Amino acid sequence: PGQKIQLSGAADSTHHFYHSTADDFDIVNYSTGFKFQHHTSGTQMTVLGSSGNVGIGETNPQRPLHINGTEGVARFTSTASGNNGFEVGIGTSSQAFLWQSENSYMQFATNNAERMRITSAGDINILNATATDSKSIGITNAAGTTGWTFGNGVLSNTHQFVIYDNTAGSARMLIDSSGKVGIAKTNPAYTLDVTGSIYCTA
């Protein structure tokens with residue numbers, strides 16, 4: 001043997017390892033990789049394909065890690081979290097989910113910086129580095145040319161809340177840092193500053 005342990009055999013050959021009667025497992029060499037399986041039941045535990053993809057409950061893994069089952073779920077825990085932790089996967093109704101079981105927040109980051117946080121109470125915070133940092137939410141197409149955008153500093157990197165019509169390419173409402181509200185006006189001079197007609201009725 002060229003290695004500390006070298007196993008050889010034809011395709012689909014089985015090598016049996018055991019610790020106790022209940023814990024026996026097999027390593028099975030087959031034409032496109034090898035797999036670990038429970039010796040008594042034959043239940044597959046893990047597959048390593050010739051491509052290097054790993055399958056858990058999956059005999060033909062399509063990604064570097066491919067989990068298949070009634071629920072295809074991965075659980076992550078830390079020494080601080082105990083057995084609850086965080087799960088990601090696809091459920092019994094084919095719904096995808098991110099599931100935080102701990103009484104703590106979830107962080108979302110891009111470019112190595114936190115951008116959004118969901119608190120343990122369910123509040124969603126889009127985080128600003130400074131008061132003038134531009135952060136917004138868009139309900140648009142992928143190019144951002146239709147739909148709506150709203151948030152802080154949509155028009156410029158200043159502290160203001162804007163509702164912006166992407167389809168028309170114009171701001172429909174703006175609240176500036178002093179509390180002045182502009183409707184169809186981006187530089188309100190009064191508490192309520194409107195460009196256009198107003199209709200009021202009692």
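Mentor: Before we begin, two strands are said to pair if DSSP finds at least two bridges between them, and strands themselves are DSSP runs of E with at least two residues, numbered from the N terminus. The model is predicted, so local features need pLDDT of at least 70 and side-chain atom pairs count only at pLDDT 80 or more, while totals for chains, interfaces and linings use all residues. Residues are numbered from 1 along each chain as its sequence is written, and side-chain values use heavy atoms, with hydrogens and water left out.

Trainee: How do you know that S14 and strand S15 pair?

Mentor: Five bridges are found between S14 and S15 (residues 161-165), in the antiparallel sense, and the definition asks for at least two. Trp148, which lies in strand S14 (residues 147-152), stands opposite Asp165 in S15.

Trainee: Why is Trp148 called partly exposed?

Mentor: Its relative accessible area is 39%, and because buried means under 20% and exposed over 50%, with a 1.4 Å probe and protein chains only, a value in between is called partly exposed.

Trainee: Why does Glu87 count as buried?

Mentor: Glu87, in strand S8 (residues 86-90), has 15% relative accessibility, and therefore counts as buried.

Trainee: What makes the pair of Glu87 and Arg75 a polar contact?

Mentor: Their side chains come to 2.6 Å, whereas the definition requires a pair of N or O atoms within 3.5 Å, where within protein one must be able to donate a hydrogen and the other to accept it, and residues adjacent in sequence count only if both atoms are side-chain atoms; the pair is therefore called a polar contact.

Definitions and conventions. Helices (H or I, at least four residues) and strands (E, at least two) are DSSP runs, numbered from the N terminus.
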